[in-house]
Amino acid sequence: MEATGDDHNGLAAAQGYQEYQPELNGLPVGDKLPSTAITEEYAKADPVYVQKTRSLPATYSHYRPILGDGNCGWRAIGFGYFETLIKLGNKAQVDGERARLERLNEYIQRHGGFDRMVFIDFVEETDVLLKKVSDKLDVPEEAMDEVMHAFTDAESSNAIIYHLRLLASSWLKENRGSHEAFITTDSSVDKYCQRVIEVPYVEIDQLGLQALVSILLKPVGFVLRIAYLDRSPGSEVNTYSFPEEAISQPTSPLDPVICLLYRPDHYDILYPVDPAPPPAPMNIQVFRATIPQYETTSAPPFTAAGDYDLLAALPGFSSSPSPLGALGVGLGPSLGSPLAPFTQAPAPSWMSAPFGTESLQPVATPLPIAAAAPPPPPLQQTHPLRFSEYCQMPEYVENDTWREPTFQTSTFKNSHFNVAHYNNPNFQPEEYKPENDEYDPPTRSGRKRGSV
């Protein structure tokens with residue numbers, strides 16, 4: 001009996017996606033999708049995968065599916081290389097990469113042992129794409145369209161990928177001494193490269209990753225970070241960075257990093273969550289209060305010279321002696337005669353020069369400091385508390401000696417000296433006692449009404 005689609009889904013969930021089969025249909029490079037799609041894909045899988053895929057969107061917001069035809073790792077790294085160049089937007093860097101890759105043609109010939117006529121067509125596809133990216137770098141959307149068109153076209157995509165394979169193979173052959181010990185399936189580095197690196201549709205492995213990063217990404221300063229979705233302990237995916245120097249160095253979200261998601265025998269491209277934009281600068285305006293500065297000018301010294309007609313016209317200044325004479329200013333024999341000659345009064349003894357030529361320097365007499373008046377004494381009360389018979393000892397209550405004497409004169413009773421008067425500061429109202437009231441009925445005379 002042929003298994004249905006639901007049966008296949010249940011079998012995959014039971015196996016926990018340990019034998020993940022990549023998609024073999026569709027475009028070589030797909031559009032960006034939310035990473036929550038991966039969470040939904042593993043919703044019925046093993047609990048380890050469920051937990052790790054749930055935490056994936058917190059770090060990576062989107063992913064780009066890559067066709068799983070055996071070239072997915074090479075294709076993902078190559079696409080991320082061009083995409084990162086566009087993201088940086090440095091035209092000089094793109095042109096520098098064109099020149100560097102062109103110089104590596106001789107490197108492929110010398111260390112890889114390939115004939116130029118064999119690989120020149122593959123190199124040309126890479127160079128043409130770099131030139132298009134450089135020309136349209138001012139418009140990143142158009143540059144990305146060129147990259148998408150090249151990697152979705154089978155001929156262009158295969159040529160660029162094989163160029164990357166030749167670069168990695170040449171680097172391994174040059175550094176065979178440091179990597180030959182890690183090859184256990186083949187007798188030499190050359191045979192390993194011929195069987196794994198140089199053959200199309202064979203997935204990239206650890207040595208291939210190190211070789212491609214060393215020859216393509218490391219010289220330009222790019223970092224490759226791979227998130228491994230496996231059954232290892234933990235609630236999040238484990239990440240590993242290439243080259244090894246990048247592991248111990250802190251990275252920023254703005255650093256040129258190519259992120260990949262690895263599932264069994266398959267690679268997809270991951271996109272980290274965009275960093276939060278920096279806070280907008282605050283335009284703080286400080287208003288400073290300015291104190292106006294007034295220019296003060298001293299009045300000119302008073303002199304005796306001048307026209308006193310105005311003063312003479314005032315009542316009481318015509319014939320009376322001038323009060324200014326005491327200050328040493330003479331107004332002449334009479335204010336009523338302005339033509340009278342002016343005579344300077346003798347200067348007092350406390351003036352060192354004629355009045356008006358020097359400023360007066362009076363002797364400052366210290367004013368007596370008035371002593372602060374003492375506060376008024378508080379009113380003395382003979383009874384701060386209101387005493388009653390309930391706060392006295394029994395012997396005083398029986399003798400009734402604790403009460404103040406009561407004066408029964410009408411004059412005293414109606415004055416404020418009486419404690420029972422409301423104007424007294426120790427006002428204590430009298431206690432009303434009904435038993436003290438005695439009613440004396442009026443006496444009747446013995447004379448009867450009507451008797452004479």
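Residues are numbered from 1 along each chain as its sequence is written, and side-chain values use heavy atoms, with hydrogens and water left out. Because the model is predicted, local features need pLDDT of at least 70 and side-chain atom pairs count only at pLDDT 80 or more, while totals for chains, interfaces and linings use all residues.

**Colour by confidence**

Begin by colouring the chain by pLDDT, the predictor's confidence in each residue, from 0 to 100. The protein averages 77, and 61% of the residues score at least 70. Select residues 1-19, where pLDDT stays under 50 and where the model has 15 contacts (heavy atoms within 4.5 Å) beyond four places in sequence. Then select residues 324-339, where the pLDDT is also below 50 and the model has 23 contacts beyond near neighbours in sequence.

**The sheet**

Next, show the strands; here helices (H or I, at least four residues) and strands (E, at least two) are DSSP runs, numbered from the N terminus. Six strands form an open sheet with mixed pairing, in the order E1-E2-E6-E5-E3-E4, and two strands are said to pair if DSSP finds at least two bridges between them. Select 33-34 for strand E1 and 238-242 for strand E4: these stand at the edges with a single partner strand each, so one side of each is left without a neighbour in the sheet.

From E1, step to strand E2 at residues 60-64, which pairs with E1 in the antiparallel sense over two bridges; leucine 33 stands opposite tyrosine 63 in E2. E2 in turn pairs with E6 in the antiparallel sense over four bridges, and there tyrosine 60 has proline 272 in E6 as its bridge partner.

Now select residues 223-228, which are strand E3. E3 pairs with E5 in the parallel sense over six bridges and with E4 in the antiparallel sense over five bridges.

Move to helix H7, residues 140-152, and helix H8, residues 154-174, which pack at an angle of about 90 degrees with their axes 5 Å apart. Axes are lines fitted to C-alpha atoms, for helices over the stretch in contact, and angles run from 0 to 180 degrees between N-to-C directions. H7 and H8 are therefore roughly perpendicular to each other, a term for angles of 65 to 115 degrees. Select Ala150, Phe151 and Thr152 in H7, and you will find them meeting Ala154, Ser156, Ser157 and Ile160 in H8.

**A buried cysteine**

Finish at cysteine 72, which is found in helix H4 and, at 1% relative accessibility, counts as buried. Leaving aside residues up to four places away in sequence, cysteine 72 touches Ile66, Leu67, Glu203, Asp265, His266 and Tyr267. Isoleucine 161 is 89 residues apart from cysteine 72 along the chain, and their C-alpha atoms are separated by 9.7 Å.

Methods. Angles under 35 degrees count as roughly parallel, over 145 as roughly antiparallel, 65 to 115 as roughly perpendicular and the rest as oblique. Buried means under 20% relative accessible area, exposed over 50%, partly exposed in between (1.4 Å probe, protein chains only).
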